[in-house]
Amino acid sequence: MLGRAWGCAVKGVSGLTVAVECDHHRGLPCIDIVGLPDAGVKEAGSRVRPALRNMGFEFPMARLTINLAPAWEHKLGVGLDLPMAISVLMASGQLPEACTERSALMGELALDGRVLPVRGVLPGCIAVASQGLKSVVVPNGNYGEARLVPGLTVVPVGDLRQAARFLESGEIPPEPHGPPGPHGAPGVSGSGACEMSATAGSGLDFVHVLGQQAAVRAMEVALAGGHHIVLIGPPGTGKTMLAMCAPSALPPLSDDEWVEAASIRSLSGDGLSEAVSRVRPFRQPNRTTTLAGMLGGGSPPVPGEVTLAHKGLLFLDEFAQFAPGVISALSEPMEKRNVRLIRGGSPVSFPADFILVASTNPCACGMRGHRSEECSCTPSILASHRRRLSGPTADRIDIWVDVPRREAAAVSGFEHGASTSELRKRIAAARARQAERYGRPGSTNSHATADALPQLLRRSSKAAAVARAAADRFHLSARGFHSVIKVARTVADLDGQADIGEEHVLEALGYRACRFGGVER
Ligand SMILES: [Zn+2]
């Protein structure tokens with residue numbers, strides 16, 4: 001007899017429905033699992049046998065072959081334990097045939113038969129819904145997450161017996177107790193019901209950043225065009241505050257972006273409460289973060305910081321203090337907007353479309369450029385600090401801006417600048433122009449490829465002449481020249497102008513000039 005149940009695996013940040021088939025035939029009792037299982041899936045055999053016995057089911061004294069289809073996709077994770085156990089029950093006649101036709105199952109089995117929560121339930125449920133299945137059996141601990149997907153009957157189970165009873169009789173166990181599921185969830189095809197929470201953010205406001213109007217303006221340009229930015233200044237000048245104000249100035253996540261962000265959080269094993277609101281992700285890894293922590297890793301692969309910051313901000317405070325290997329590894333996701341990992345011979349790709357906000361001291365002691373105090377760095381220490389801020393990753397940063405120290409007396413005399421809500425309106429308008437230009441929601445000038453650049457800046461315009469003269473004068477590389485045009489386009493978008501003007505190019509050049517007090521590359 002053949003048993004057949006639907007399960008889910010993960011592929012990148014998407015779910016993959018897997019048909020789990022169990023064949024039961026004479027021979028020495030053992031379980032063979034075929035269909036590219038990873039190590040965690042292969043071990044399922046050792047969990048399924050005691051789990052079935054401890055729940056009072058019979059483990060067939062026969063040779064069992066479990067096939068995971070489609071055969072060409074690698075199956076990652078432990079969520080396939082439950083459908084495998086169910087397929088064994090069907091193959092051995094302990095569950096009726098065809099009882100699993102309209103349901104998928106996810107969950108890890110403990111040896112005593114309890115069903116334990118797994119990662120990636122949200123993308124799994126999205127795949128189940130798109131396959132046209134009607135219900136999904138999930139561990140109690142994943143109930144809140146599974147309910148975010150509309151159109152599915154979610155069946156929470158605590159053990160294998162409850163799952164079998166549902167398949168046999170349709171009896172749905174009571175809702176699990178414990179922390180309430182995420183209420184007010186927008187749902188996968190939601191209508192932006194959580195927009196208000198997106199504007200609440202951290203409670204910090206750009207209006208509270210005093211005396212740093214140039215830096216606030218640079219931040220506005222970076223957020224509007226999706227450009228990476230570095231804030232350079234001594235300690236205590238508000239660099240961290242500038243970065244922390246940023247998420248609430250960005251427009252809330254769109255429906256599609258929300259699904260991606262929530263799926264990433266589901267895979268990382270983090271709670272979904274933050275992802276349910278539409279605030280853009282803000283990640284602030286500390287300087288001891290390893291390469292695997294930054295890019296992702298492990299088996300099955302877990303997303304790293306660059307993926308957790310997808311469609312949001314990655315804030316690296318004291319950028320120069322991170323391990324050089326970690327910094328240089330950022331250049332690839334910055335360029336390609338995704339991360340590719342090879343795990344167990346199979347490539348896994350995670351999205352990583354973030355805005356990098358980095359902060360750094362102007363030198364190792366932090367005092368360089370400050371009038372009243374002297375920098376104590378020796379030339380060799382200065383050179384080493386500069387080396388840490390150069391290389392392929394730094395070359396991909398479009399905006400460099402000084403955040404100088406202000407005397408307290410002077411700060412009290414400064415007028416308030418733009419508030420976060422004013423910035424949010426201007427940024428949203430500029431982003432709407434960019435989405436229209438590139439014909440894709442969420443596209444920004446930073447996404448423009450080299451082929452698109454001639455359309456951004458007409459060759460015959462005065463602005464183009466200014467840009468070319470600056471490129472010659474300061475020996476800008478092709479990448480540097482393109483960066484200036486893209487930033488100038490964003491400045492013009494904020495200005496509501498159809499064409500890039502000279503003043504827009506000059507402002508963009510200014511953001512490169514801040515790099516150690518002179519235009520480089
Ligand atoms: Zn110094």
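This note sets out numbered points on the fold, the cores and selected residues of the structure above.

1. Basis of the model. The structure is a predicted model, in which local features need pLDDT of at least 70 and side-chain atom pairs count only at pLDDT 80 or more, while totals for chains, interfaces and linings use all residues. Residues are numbered from 1 along each chain as its sequence is written, and side-chain values use heavy atoms, with hydrogens and water left out.

2. Overall composition. The protein has 23 helices and 18 strands; helices (H or I, at least four residues) and strands (E, at least two) are DSSP runs numbered from the N terminus. Of its 521 residues, 54% count as buried. Here buried means under 20% relative accessible area, exposed means over 50%, and partly exposed lies in between, with a 1.4 Å probe and protein chains only. Among contacts with a separation of 6 or more, 73% are between residues 24 or more positions apart; contact means heavy atoms within 4.5 Å.

3. The five-stranded sheet. An open sheet has the strand order S11-S14-S17-S10-S18, with parallel pairing. Two strands pair if DSSP finds at least two bridges between them. Strand S11 (282-283) and S18 stand at the edges with a single partner strand each, so one side of each has no neighbour in the sheet.

4. Strand S10 within the sheet. Four bridges join S10 to strand S17 (residues 355-360) in parallel, and four bridges join S10 to strand S18 (residues 399-402), also in parallel. In S17, Ile229 has Val357 as its bridge partner, and Ile232 has Thr360. In S18, the bridge partner of Val230 is Trp400. From S10 (residues 229-232), Ile229 and Leu231 point one way, Val230 and Ile232 point the other way, and all are buried.

5. The nonpolar cores. A nonpolar core is a set of buried Ala, Val, Leu, Ile, Met, Phe, Trp, Tyr and Cys residues joined through side-chain atoms within 4.5 Å. The largest one has 52 residues, and those with the most contacts inside it are Met219, Leu223, Ile229, Leu242 and Val357. Helix H8 (residues 213-225) gives the largest share of this core, eight residues. Domain 2 (195-417) and domain 3 (448-521) both contribute residues, so this core lies between them; the domain bounds come from an automatic or database domain assignment. A second, separate core of 41 residues includes Ala44, Phe59, Ile66 and Ala91.

6. Leu223 touches residues including Ala246, Leu313, Ile355 and Arg431, not counting residues up to four places away in sequence. Glu220 lies in helix H8 and is buried, with a relative accessible area of 2%. The side chain of Glu220 makes a polar contact with the side chain of Arg426 (2.7 Å). A polar contact is a pair of N or O atoms within 3.5 Å; within protein, one must be able to donate a hydrogen and the other to accept it, and residues adjacent in sequence count only if both atoms are side-chain atoms. With residues up to four places away in sequence not counted, Glu220 touches Leu423, Arg426, Ile427 and Leu494.

7. Glu305. This residue lies in helix H13 (residues 305-308). Glu305 is buried at a relative accessible area of 13%, and its side chain makes a polar contact with that of Arg283 (2.8 Å). Residues touched by Glu305, not counting those up to four places away in sequence, include Pro285, Gly293, Met294 and Leu314.

8. Backbone features in loops. The peptide bond from Ala69 to Pro70 is cis, with omega near 5 degrees, and Pro70 lies in the loop between strand S4 (63-69) and helix H3 (81-91). Ala98, although not a glycine, has a positive phi of about 65 degrees; Ala98 is in the loop between H3 and strand S5 (103-105) and is partly exposed at 46%. Glu318, also not a glycine, has a positive phi of about 50 degrees. Glu318 lies in the loop between strand S14 (313-316) and helix H14 (324-329) and counts as buried at 15% relative accessibility.

9. Cysteines. The structure holds zero disulfides, a disulfide being a pair of cysteine sulfur atoms within 2.5 Å. Cys22 is buried at 0% relative accessibility, and Cys377 is buried with a relative accessible area of 14%.
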